[in-house]
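Good morning, and thank you for coming. I would ask you to keep the sequence and the structure in view while I speak.

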Amino acid sequence: MDTRTSSLSQLPSRVGAARIGIGGPVGSGKTALIERLIPAFAARGVSLAIVTNDLVTAEDAERIRRSGLIDPARVAAVEAGACPHTVIREDPTLNIAAADDLEALFPDVELILIESGGDNLASTFSLDLVDWWMFVIDVAGGDDIPRKNGPGVLKCDLLVVNKTDLAPYVGVDLAAMAAQAATARAGRPMALTNCRSNDGVDAIADRIVSDVLFR
Ligand SMILES: Nc1nc2c(ncn2[C@@H]2O[C@H](COP(=O)(O)OP(=O)(O)OP(=O)(O)O)[C@@H](O)[C@H]2O)c(=O)[nH]1
């Protein structure tokens, strides 16, 4: 298991597009967040490509290709075949190859988003694959998730708590959930999002542009 922390000072010497991981439990809104981030990065002049991971289909990639938000050729699909975290942590070769291929096809690409298949709270990304990664959980998954101290929640560079619009319907005190997440992460960055209304998405794009692309 890769236990390194993702301090930008420890980045590998690979030249090319920055690679960003997006992990999190099944259905937390990883693809929805990507669909919101695509126009946000376009508005910031960032040249983007995307790699998706699904178990045995290319469903997420097809959804993004059909969205009309991005040139479909800039979206690659990796079929993990089995445990999703195997291909983002233990052996990320397939994902590295997919990202390399996109960079070769589109030499102007500055940023590659790599979406993991839905996984459990223990999933983390190898820093051989990504330079920086987000972990997306959602309000409807339960306000106790931050308290469970899963490695995904603790180790990511940015914790995203999505579906804030659902808090009143699932009996979640959003302020308390956010406070517990901040405590679990010892104050490291966190974002609250509603991908239905786009709330919180621009702040994530701004953070990535400044913290990862150094612009
Ligand atoms: N109400 C609400 N629904 C959301 C939000 N974000 C995503 N959803 C819905 O949640 C469901 C799952 O979203 P996805 O983007 O497919 O989630 P995912 O994490 O990519 O799912 P997997 O790839 O299957 O793990 C969809 O029905 C989305 O429309 C949000 O902020 N609010």
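This is a predicted model: local features need pLDDT of at least 70, side-chain atom pairs count only at pLDDT 80 or more; totals for chains, interfaces and linings use all residues.

With 215 residues, a compact globule would have a radius of gyration near 17 Å, and the chain has 16 Å, which agrees. Taken along the principal axes, the C-alpha atoms of the chain fill a box of roughly 45 × 35 × 35 Å. Of the 215 residues, 44% count as buried. Consider also the contacts between residues at least 6 apart in sequence: 76% of them join residues at least 24 apart.

Let us turn to the elements. How many helices and strands does the chain have? There are six helices and seven strands. Read from the N terminus on, their order is β-α-β-α-β-α-β-β-α-β-α-β-α.

The UniProt record, an unreviewed entry, lists residues 20–189 as "domain: CobW/HypB/UreG nucleotide-binding". Over residues 20–189 the chain is 30% helix and 19% strand.

I now come to strand 1, which covers residues 18–23. Is strand 1 mostly covered or mostly open? Strand 1 is mostly covered, with six of its six residues buried. In a regular strand the side chains alternate between the two faces of the sheet. Here A18, I20 and I22 point one way from strand 1, while R19, G21 and G23 point the other way, and all of them are buried.

Which strands pair with strand 1? One partner is strand 4, residues 111–115, which runs parallel to strand 1 and is joined to it by five bridges. Within this pairing, R19 stands opposite I112, and G21 has I114 as its bridge partner. Another partner is strand 5, residues 132–138, which pairs with strand 1 in the parallel sense over four bridges. In that pairing, G23 stands opposite F135.

P25 is buried, because 20 other C-beta atoms lie within 10 Å. V26 is exposed, because V26 has 11 other C-beta atoms within 10 Å. Leaving aside neighbours within four places in sequence, P25 is in contact with G118, D119, N120, L121, I137 and G141.

What of the ligand? Which of the 17 residues around the ligand come nearest? They are G29, K30, T31, A32 and G118. Helix 1, residues 30–43, gives the largest share of the shell around the ligand, with three residues.

Finally, I shall mention two positions elsewhere in the chain. A58 is found in the loop between strand 2, residues 48–54, and helix 2, residues 59–66. A58 counts as partly exposed, because there are 16 C-beta neighbours inside 10 Å. Its C-alpha atom is separated by 7.2 Å from that of V78, although A58 and V78 are 20 residues apart along the chain. Beyond its neighbours within four places in sequence, A58 is in contact with A77 and E79.

R66 lies in helix 2. R66 is exposed, because 10 other C-beta atoms lie within 10 Å. The C-alpha atoms of R66 and T124, 58 residues apart along the chain, are separated by 28 Å.

To close, I would return to strand 1, which is joined to strand 4 by five bridges and to strand 5 by four. Thank you for your attention.

Definitions and conventions. Residues are numbered from 1 along each chain as its sequence is written. A residue is buried if 20 or more other C-beta atoms lie within 10 Å of its own, exposed if 12 or fewer, and partly exposed in between; C-beta atoms are placed from the backbone. Helices (H or I, at least four residues) and strands (E, at least two) are DSSP runs, numbered from the N terminus. Two strands pair if DSSP finds at least two bridges between them. UniProt positions are given in the numbering used here, feature names are shortened, and annotations may be inferred rather than shown by experiment. A residue is near a molecule or strand if its C-beta atom, placed from the backbone, lies within 6 Å of it. The radius of gyration is taken over C-alpha atoms; the globule rule is 2.2 Å times the number of residues to the power 0.38. Two residues are in contact if their C-beta atoms, placed from the backbone, lie within 7 Å.
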